[in-house]
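Have the sequence and the 3D view open, and try to find each pair as you read.

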Amino acid sequence: SSVTSKETSTTSSESSTSTSSSTSSTVSANVKVYFSKNPTSATDPSKTFAVNRVSPDLGVAKYVIGELIKGPTAGETALGYFTKVKVSGTSNCGGASFTVTISEAKKATLKFCKDFVSEGGVVSDAQAQSEIQASLTQFPTITKVVILDKEGNCLFDQSGLNNCLSD
């Protein structure tokens, strides 16, 4: 996979999805996965950096979150890319690590089905949130992202009030 070094903040709404058909009529899609990168993301957790991937189908939202969980390739890691989106444990969704649903109002709801592994601290959580937001909002069908934990509560909402569910 090729790497782009273009710095993109999580508020980017650029659409960079294109589709192509192969001879077997399988449709793939060029997408970007937004990882954190040293040293910039360490001092500004809102900074994410795009790497190129090819989704094997048009389930692009599901694909980019799966790629975030897998993490950067060895080559990308050597260049400083990293992810704070990590899960472990048993799934409560029939084995899946997560589900993604997209509403007609362009709201993506990402629910982790396994335990989200927080490495502690607001910087780590902010990096994870930025990676997820940037990776999902690259698509024109998504303008808002809600991130839920295994129990359906707002992940990264320290208030305990589930504010992400009020919109």
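Here's a quick tour of some salt bridges and where their partners sit.

Keep in mind that this is a predicted model. It holds six salt bridges, and a few of them are picked out below.

**R53 and E67**
- R53 pairs up with E67 in a salt bridge, with 2.8 Å between the closest N and O atoms.
- This pair ties together distant parts of the chain: R53 belongs to strand 4 (residues 47-55), while E67 belongs to helix 2 (residues 60-70), 14 residues apart.
- Buried or exposed? Both R53 and E67 are buried.

**E67 and K70**
- E67 also makes a salt bridge with K70, and here the closest N and O atoms are 2.8 Å apart.
- Because E67 and K70 are three residues apart in helix 2, about one helical turn separates them.
- E67 counts as buried because its relative accessible area is 7%, under the 20% cut-off.
- K70 has a relative accessible area of 62%, so it's exposed.

**E119 and K84**
- A salt bridge joins E119 to K84, whose closest N and O atoms lie 2.5 Å apart.
- E119 is partly exposed at 40% relative accessible area, whereas K84 is buried at 17%.

- Which residues get joined by salt bridges that share partners? R53, E67, K70 and E76 form one network this way.

How values were computed
Residues are numbered from 1 along each chain as its sequence is written. This is a predicted model: local features need pLDDT of at least 70, side-chain atom pairs count only at pLDDT 80 or more; totals for chains, interfaces and linings use all residues. Side-chain values use heavy atoms; hydrogens and water are left out. A salt bridge is a side-chain nitrogen of Lys or Arg within 4 Å of a carboxyl oxygen of Asp or Glu. Helices (H or I, at least four residues) and strands (E, at least two) are DSSP runs, numbered from the N terminus. Buried means under 20% relative accessible area, exposed over 50%, partly exposed in between (1.4 Å probe, protein chains only).
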